[in-house]
Amino acid sequence: MKVKVIPVLEDNYMYLVIEELTREAVAVDVAVPKRVRAGRGPQGPGRVPREPPRPPWDHARGNPELARLRPGLAVLGADERIFSLTRRLAHGEELRFGAIHVRCLLTPGHTAGHMSYFLWEDDCPDPPALFSGDALSVAGCGSCLEGSAQQMYQSLAELGTLPPETKVFCGHEHTLSNLEFAQKVEPCNDHVRAKLSWAKKRDEDDVPTVPSTLGEERLYNPFLRVAEEPVRKFTGKAVPADVLEALCKERARFEQAGEPRQPQARALLALQWGLLSAAPHD
(Lines give C-alpha, C1' and ligand atoms only; values in the text may rest on other atoms or scores of the structure.)
Protein backbone atom coordinates (compact mmCIF):
# COMPACT_ATOMS: atom_id res chain seq x y z
CA MET A 1 0.00 0.00 0.00
CA LYS A 2 1.48 3.30 -1.13
CA VAL A 3 -0.04 6.62 -0.02
CA LYS A 4 0.64 9.79 -1.98
CA VAL A 5 0.00 13.01 -0.03
CA ILE A 6 -1.35 15.78 -2.31
CA PRO A 7 -1.67 19.29 -0.79
CA VAL A 8 -4.33 21.43 -2.54
CA LEU A 9 -6.26 24.68 -2.07
CA GLU A 10 -5.32 26.70 1.01
CA ASP A 11 -4.77 23.88 3.50
CA ASN A 12 -6.54 20.76 2.19
CA TYR A 13 -5.06 17.32 1.67
CA MET A 14 -6.04 14.82 -0.98
CA TYR A 15 -4.66 11.30 -0.97
CA LEU A 16 -4.04 8.66 -3.57
CA VAL A 17 -3.79 5.13 -2.17
CA ILE A 18 -2.21 2.69 -4.62
CA GLU A 19 -2.21 -1.09 -4.34
CA GLU A 20 1.22 -1.65 -5.81
CA LEU A 21 0.62 -5.19 -7.09
CA THR A 22 -2.60 -4.61 -9.06
CA ARG A 23 -2.12 -0.81 -9.51
CA GLU A 24 -5.69 -0.21 -8.44
CA ALA A 25 -6.15 3.08 -6.64
CA VAL A 26 -8.43 4.90 -4.24
CA ALA A 27 -8.56 8.70 -4.31
CA VAL A 28 -9.60 10.28 -1.00
CA ASP A 29 -11.17 13.77 -0.76
CA VAL A 30 -10.88 14.89 -4.37
CA ALA A 31 -10.94 18.68 -4.44
CA VAL A 32 -8.73 19.24 -7.51
CA PRO A 33 -9.08 16.33 -9.95
CA LYS A 34 -6.13 17.24 -12.16
CA ARG A 35 -3.84 16.73 -9.15
CA VAL A 36 -5.17 13.18 -8.79
CA ARG A 37 -4.47 12.45 -12.44
CA ALA A 38 -0.99 13.93 -12.16
CA GLY A 39 -0.26 11.79 -9.12
CA ARG A 40 -1.75 8.63 -10.58
CA GLY A 41 0.03 8.37 -13.89
CA PRO A 42 -1.11 5.89 -16.56
CA GLN A 43 -3.53 3.15 -15.55
CA GLY A 44 -3.68 -0.39 -16.77
CA PRO A 45 -6.76 -1.53 -18.70
CA GLY A 46 -9.82 -2.32 -16.64
CA ARG A 47 -8.56 -0.59 -13.49
CA VAL A 48 -11.33 1.55 -12.01
CA PRO A 49 -10.31 3.57 -8.95
CA ARG A 50 -12.79 4.01 -6.15
CA GLU A 51 -13.11 7.41 -4.58
CA PRO A 52 -14.52 7.91 -1.06
CA PRO A 53 -14.88 11.65 -0.47
CA ARG A 54 -16.93 13.47 2.15
CA PRO A 55 -18.54 16.89 2.59
CA PRO A 56 -17.94 19.78 3.25
CA TRP A 57 -17.59 20.65 -0.37
CA ASP A 58 -13.93 21.65 -0.28
CA HIS A 59 -13.27 17.90 0.01
CA ALA A 60 -15.61 16.63 -2.73
CA ARG A 61 -15.97 19.43 -5.25
CA GLY A 62 -13.72 17.70 -7.79
CA ASN A 63 -15.87 14.58 -8.06
CA PRO A 64 -18.00 15.62 -11.09
CA GLU A 65 -14.95 16.55 -13.16
CA LEU A 66 -13.10 13.35 -12.28
CA ALA A 67 -16.21 11.28 -13.01
CA ARG A 68 -16.52 13.01 -16.39
CA LEU A 69 -12.88 12.30 -17.21
CA ARG A 70 -13.16 8.64 -16.12
CA PRO A 71 -16.49 7.11 -17.13
CA GLY A 72 -17.48 4.26 -14.83
CA LEU A 73 -15.68 5.74 -11.84
CA ALA A 74 -17.13 4.52 -8.54
CA VAL A 75 -17.71 7.38 -6.09
CA LEU A 76 -18.39 6.04 -2.59
CA GLY A 77 -19.31 7.74 0.66
CA ALA A 78 -21.80 7.89 3.52
CA ASP A 79 -23.49 11.23 2.81
CA GLU A 80 -26.07 11.32 0.03
CA ARG A 81 -25.12 14.97 -0.64
CA ILE A 82 -21.69 13.97 -2.01
CA PHE A 83 -21.25 15.10 -5.59
CA SER A 84 -21.53 12.31 -8.19
CA LEU A 85 -22.11 9.64 -5.53
CA THR A 86 -22.63 6.19 -7.08
CA ARG A 87 -23.05 4.11 -3.92
CA ARG A 88 -23.76 5.01 -0.33
CA LEU A 89 -21.69 3.21 2.29
CA ALA A 90 -22.82 1.96 5.70
CA HIS A 91 -21.00 2.04 9.03
CA GLY A 92 -18.86 -1.06 9.47
CA GLU A 93 -19.02 -2.02 5.80
CA GLU A 94 -15.80 -3.50 4.45
CA LEU A 95 -14.44 -3.09 0.95
CA ARG A 96 -11.39 -4.52 -0.73
CA PHE A 97 -9.19 -3.55 -3.63
CA GLY A 98 -6.28 -5.81 -4.37
CA ALA A 99 -4.75 -6.88 -1.06
CA ILE A 100 -6.01 -3.77 0.77
CA HIS A 101 -8.99 -3.98 3.13
CA VAL A 102 -11.09 -0.87 3.81
CA ARG A 103 -13.34 -0.59 6.85
CA CYS A 104 -15.88 2.25 6.68
CA LEU A 105 -16.39 4.07 9.98
CA LEU A 106 -19.23 6.57 10.32
CA THR A 107 -17.80 9.41 12.43
CA PRO A 108 -20.45 12.15 12.73
CA GLY A 109 -19.79 15.38 14.55
CA HIS A 110 -18.25 17.68 11.97
CA THR A 111 -21.01 16.70 9.52
CA ALA A 112 -23.88 14.27 9.94
CA GLY A 113 -22.61 11.93 7.23
CA HIS A 114 -18.89 12.12 7.89
CA MET A 115 -17.09 8.84 7.28
CA SER A 116 -13.51 7.81 8.06
CA TYR A 117 -11.67 4.93 6.40
CA PHE A 118 -9.38 2.37 8.04
CA LEU A 119 -7.10 0.54 5.59
CA TRP A 120 -4.86 -2.45 6.20
CA GLU A 121 -3.26 -5.46 4.53
CA ASP A 122 -3.15 -9.00 5.92
CA ASP A 123 0.26 -10.42 6.80
CA CYS A 124 1.97 -7.11 6.05
CA PRO A 125 4.62 -5.50 8.28
CA ASP A 126 3.54 -2.00 7.26
CA PRO A 127 1.20 -0.20 9.69
CA PRO A 128 -2.46 0.35 8.82
CA ALA A 129 -3.75 3.76 7.75
CA LEU A 130 -6.67 5.92 8.84
CA PHE A 131 -8.10 8.59 6.55
CA SER A 132 -9.92 10.70 9.09
CA GLY A 133 -10.98 13.76 7.09
CA ASP A 134 -12.40 16.38 9.46
CA ALA A 135 -12.99 13.99 12.36
CA LEU A 136 -9.42 13.69 13.67
CA SER A 137 -6.51 15.91 12.68
CA VAL A 138 -2.95 16.22 13.93
CA ALA A 139 -3.37 17.49 17.53
CA GLY A 140 -7.00 18.44 16.91
CA CYS A 141 -10.44 17.53 15.57
CA GLY A 142 -13.06 19.11 13.35
CA SER A 143 -15.57 21.67 14.53
CA CYS A 144 -19.11 20.46 15.18
CA LEU A 145 -20.89 21.97 12.18
CA GLU A 146 -23.84 19.59 11.96
CA GLY A 147 -23.35 17.32 14.95
CA SER A 148 -23.05 17.57 18.71
CA ALA A 149 -20.06 17.35 21.01
CA GLN A 150 -21.45 14.02 22.22
CA GLN A 151 -21.35 12.66 18.66
CA MET A 152 -17.83 13.96 18.14
CA TYR A 153 -16.72 12.39 21.42
CA GLN A 154 -18.18 9.02 20.41
CA SER A 155 -16.56 9.25 16.96
CA LEU A 156 -13.14 10.07 18.40
CA ALA A 157 -13.52 7.35 21.03
CA GLU A 158 -14.14 4.80 18.28
CA LEU A 159 -11.14 5.96 16.26
CA GLY A 160 -9.07 5.83 19.44
CA THR A 161 -9.63 2.07 19.67
CA LEU A 162 -7.66 1.45 16.47
CA PRO A 163 -4.06 0.18 16.78
CA PRO A 164 -1.61 2.79 18.11
CA GLU A 165 0.72 2.30 15.13
CA THR A 166 -2.06 3.37 12.73
CA LYS A 167 -0.92 6.24 10.50
CA VAL A 168 -3.37 9.15 10.55
CA PHE A 169 -3.96 11.01 7.28
CA CYS A 170 -6.27 13.96 8.00
CA GLY A 171 -8.07 16.39 5.70
CA HIS A 172 -6.32 19.66 6.57
CA GLU A 173 -2.96 21.14 7.49
CA HIS A 174 -3.94 22.74 10.82
CA THR A 175 -1.15 21.20 12.85
CA LEU A 176 0.64 24.36 13.98
CA SER A 177 -2.46 26.13 15.27
CA ASN A 178 -3.75 22.90 16.81
CA LEU A 179 -0.52 22.44 18.76
CA GLU A 180 -0.50 26.06 19.87
CA PHE A 181 -3.94 25.47 21.35
CA ALA A 182 -2.82 22.15 22.84
CA GLN A 183 0.01 23.99 24.57
CA LYS A 184 -2.49 26.40 26.06
CA VAL A 185 -4.49 23.44 27.37
CA GLU A 186 -1.46 21.55 28.71
CA PRO A 187 1.48 23.96 29.10
CA CYS A 188 3.50 21.33 30.99
CA ASN A 189 3.05 18.55 28.42
CA ASP A 190 6.52 17.75 27.04
CA HIS A 191 5.02 15.83 24.10
CA VAL A 192 3.09 18.92 23.02
CA ARG A 193 6.19 21.08 23.34
CA ALA A 194 8.34 18.70 21.28
CA LYS A 195 5.70 18.23 18.57
CA LEU A 196 5.15 22.00 18.33
CA SER A 197 8.87 22.60 17.84
CA TRP A 198 8.91 19.92 15.14
CA ALA A 199 5.82 21.37 13.42
CA LYS A 200 7.32 24.86 13.33
CA LYS A 201 10.35 23.50 11.50
CA ARG A 202 8.11 21.65 9.03
CA ASP A 203 6.13 24.85 8.48
CA GLU A 204 9.31 26.83 7.81
CA ASP A 205 10.36 24.21 5.27
CA ASP A 206 6.83 24.12 3.75
CA VAL A 207 6.62 20.35 4.32
CA PRO A 208 3.41 18.46 5.27
CA THR A 209 3.02 17.33 8.87
CA VAL A 210 0.99 14.24 7.95
CA PRO A 211 0.88 11.46 8.80
CA SER A 212 0.99 11.19 12.55
CA THR A 213 0.09 7.99 14.42
CA LEU A 214 -2.74 7.27 16.80
CA GLY A 215 -0.23 6.46 19.52
CA GLU A 216 1.33 9.90 19.12
CA GLU A 217 -2.06 11.61 19.06
CA ARG A 218 -2.92 10.14 22.46
CA LEU A 219 0.13 11.91 23.89
CA TYR A 220 -0.53 15.47 22.68
CA ASN A 221 -4.02 15.79 21.15
CA PRO A 222 -6.29 17.31 23.85
CA PHE A 223 -9.41 16.02 22.08
CA LEU A 224 -8.18 12.46 22.62
CA ARG A 225 -7.10 13.26 26.19
CA VAL A 226 -10.46 14.31 27.64
CA ALA A 227 -10.07 11.85 30.54
CA GLU A 228 -6.67 13.26 31.56
CA GLU A 229 -6.59 15.43 34.68
CA PRO A 230 -4.79 18.47 33.15
CA VAL A 231 -7.34 18.65 30.32
CA ARG A 232 -10.28 18.26 32.71
CA LYS A 233 -8.80 20.96 34.94
CA PHE A 234 -8.42 23.33 31.99
CA THR A 235 -12.10 22.94 31.04
CA GLY A 236 -13.51 22.72 34.55
CA LYS A 237 -15.51 19.66 33.47
CA ALA A 238 -15.36 15.99 34.50
CA VAL A 239 -17.60 14.06 32.07
CA PRO A 240 -15.54 13.30 28.90
CA ALA A 241 -18.19 14.54 26.44
CA ASP A 242 -18.55 17.75 28.47
CA VAL A 243 -14.77 18.17 28.47
CA LEU A 244 -14.71 17.86 24.70
CA GLU A 245 -17.56 20.35 24.29
CA ALA A 246 -15.72 22.86 26.49
CA LEU A 247 -12.52 22.29 24.50
CA CYS A 248 -14.36 23.01 21.25
CA LYS A 249 -15.67 26.30 22.64
CA GLU A 250 -12.27 27.31 23.96
CA ARG A 251 -10.64 26.45 20.65
CA ALA A 252 -13.18 28.58 18.77
CA ARG A 253 -12.31 31.55 21.00
CA PHE A 254 -8.61 30.81 20.53
CA GLU A 255 -8.99 30.81 16.74
CA GLN A 256 -11.08 34.00 16.73
CA ALA A 257 -8.37 35.77 18.71
CA GLY A 258 -5.91 35.00 15.92
CA GLU A 259 -8.19 35.85 12.98
CA PRO A 260 -7.57 39.61 12.55
CA ARG A 261 -4.12 38.95 11.07
CA GLN A 262 -5.41 36.63 8.34
CA PRO A 263 -7.24 39.04 5.95
CA GLN A 264 -4.20 41.32 5.83
CA ALA A 265 -1.90 38.41 5.01
CA ARG A 266 -4.24 37.17 2.30
CA ALA A 267 -4.48 40.67 0.79
CA LEU A 268 -0.68 40.85 0.61
CA LEU A 269 -0.56 37.49 -1.15
CA ALA A 270 -3.25 38.64 -3.59
CA LEU A 271 -1.19 41.72 -4.42
CA GLN A 272 1.91 39.61 -4.96
CA TRP A 273 0.01 37.28 -7.29
CA GLY A 274 -1.48 40.19 -9.26
CA LEU A 275 -5.04 39.38 -8.20
CA LEU A 276 -5.49 42.91 -6.85
CA SER A 277 -4.09 46.15 -8.21
CA ALA A 278 -2.65 48.66 -5.79
CA ALA A 279 -4.48 51.97 -5.79
CA PRO A 280 -2.32 54.89 -6.95
CA HIS A 281 -1.10 57.22 -4.21
CA ASP A 282 -1.66 60.95 -4.31
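This note goes through the strands, helix contacts and backbone details of a predicted model.

1. **The open sheet.** Six strands make up an open sheet, and their order is E7-E8-E9-E10-E13-E14. The pairing in this sheet is mixed. Strand E7 (94-97) and E14 stand at the edges with a single partner strand each, so one side of each has no neighbour in the sheet. Strands of a sheet pair through backbone hydrogen bonds, and the pairing may be parallel or antiparallel.

2. **E8 and E9.** Inside that order, strand E8 (residues 100-106) and strand E9 (residues 115-121) run antiparallel and are joined by 7 bridges.

3. **Strand E5.** Strand E5 (residues 74-77) is covered on both faces. Ala-74 and Leu-76 are buried on one side, and Val-75 and Gly-77 are buried on the other.

4. **Pairing of E5 with E6.** E5 and strand E6 (residues 87-88) run parallel, with 2 bridges between them. Leu-76, one of the buried residues of E5, has Arg-87 in E6 as its bridge partner.

5. **H5 against H6.** The axes of helix H5 (residues 175-185) and helix H6 (residues 190-204) come within 9 Å and cross at roughly 155°. The cut-off for roughly antiparallel is over 145 degrees, and H5 and H6 are therefore roughly antiparallel to each other. Their crossing is left-handed. On the H5 side the contact is made by Thr-175, Leu-176, Leu-179, Glu-180, Ala-182 and Gln-183. H6 contributes Val-192, Arg-193, Lys-195, Leu-196, Ala-199, Lys-200 and Asp-203. By class, the contact of H5 with H6 holds 6 nonpolar, 2 polar and 5 charged residues.

6. **H5 against H9.** H5 also meets helix H9 (residues 240-258), where the axes come within 11 Å and cross at roughly 120°. H5 and H9 are therefore oblique to each other, and the crossing is right-handed. The H5 residues here are Ser-177, Glu-180, Phe-181, Lys-184 and Val-185. In H9 they meet Leu-247, Glu-250, Arg-251 and Phe-254. The contact of H5 with H9 divides into 4 nonpolar, 1 polar and 4 charged residues. Glu-180 is listed in the contact with H6 and also in the contact with H9.

7. **H4 against H9.** Helix H4 (residues 149-159) packs on H9 at an angle of about 110°, with the axes 9 Å apart. The two helices are therefore roughly perpendicular to each other. H4 passes H9 in a right-handed crossing. H4 brings Ala-149, Gln-150, Met-152, Tyr-153 and Leu-156 to the contact. From H9 come Pro-240, Ala-241, Leu-244 and Glu-245. The contact of H4 with H9 has 7 nonpolar, 1 polar and 1 charged residues.

8. **Ala-157 in H4.** Ala-157 is found in helix H4 and counts as partly exposed, at 37% relative accessibility. Its C-alpha atom is separated by 7.6 Å from that of Leu-224, a residue 67 positions away along the chain.

9. **Positive phi at Arg-23.** Arg-23 is not a glycine, although its phi is positive, at about 70°. The residue is placed in the loop between strand E2 (12-18) and strand E3 (25-28). Arg-23 is partly exposed, with a relative accessible area of 37%.

10. **Positive phi at Ala-139.** Ala-139 is another residue other than glycine with a positive phi, here near 65°. Its loop lies between strand E11 (136-137) and strand E12 (140-141). Ala-139 is buried, with a relative accessible area of 1%, whereas Arg-23 is partly exposed.

11. **A cis peptide bond.** The bond from Val-210 to Pro-211 is cis, with omega near 0°. Pro-211 is found in the loop between H6 and strand E14 (212-213).

Conventions
Residues numbered from 1 in each chain as written. Predicted model: local features only at pLDDT ≥ 70, side-chain atom pairs only at ≥ 80, totals over all residues. Heavy atoms only, no water. Buried < 20%, exposed > 50% of the residue type's maximum accessible area, 1.4 Å probe, protein only. Helix = DSSP H or I, 4+ residues; strand = E, 2+ residues; numbered from the N terminus. Pairing = 2+ DSSP bridges. Axes fitted to C-alpha atoms, helices over the stretch in contact; angles between N-to-C directions. Parallel < 35°, antiparallel > 145°, perpendicular 65-115°, else oblique. Left-handed = near helix turned anticlockwise from the far one by under 90°. Contact = heavy atoms within 4.5 Å. Nonpolar A, V, L, I, M, F, W, Y, C, P; charged D, E, K, R; others polar.
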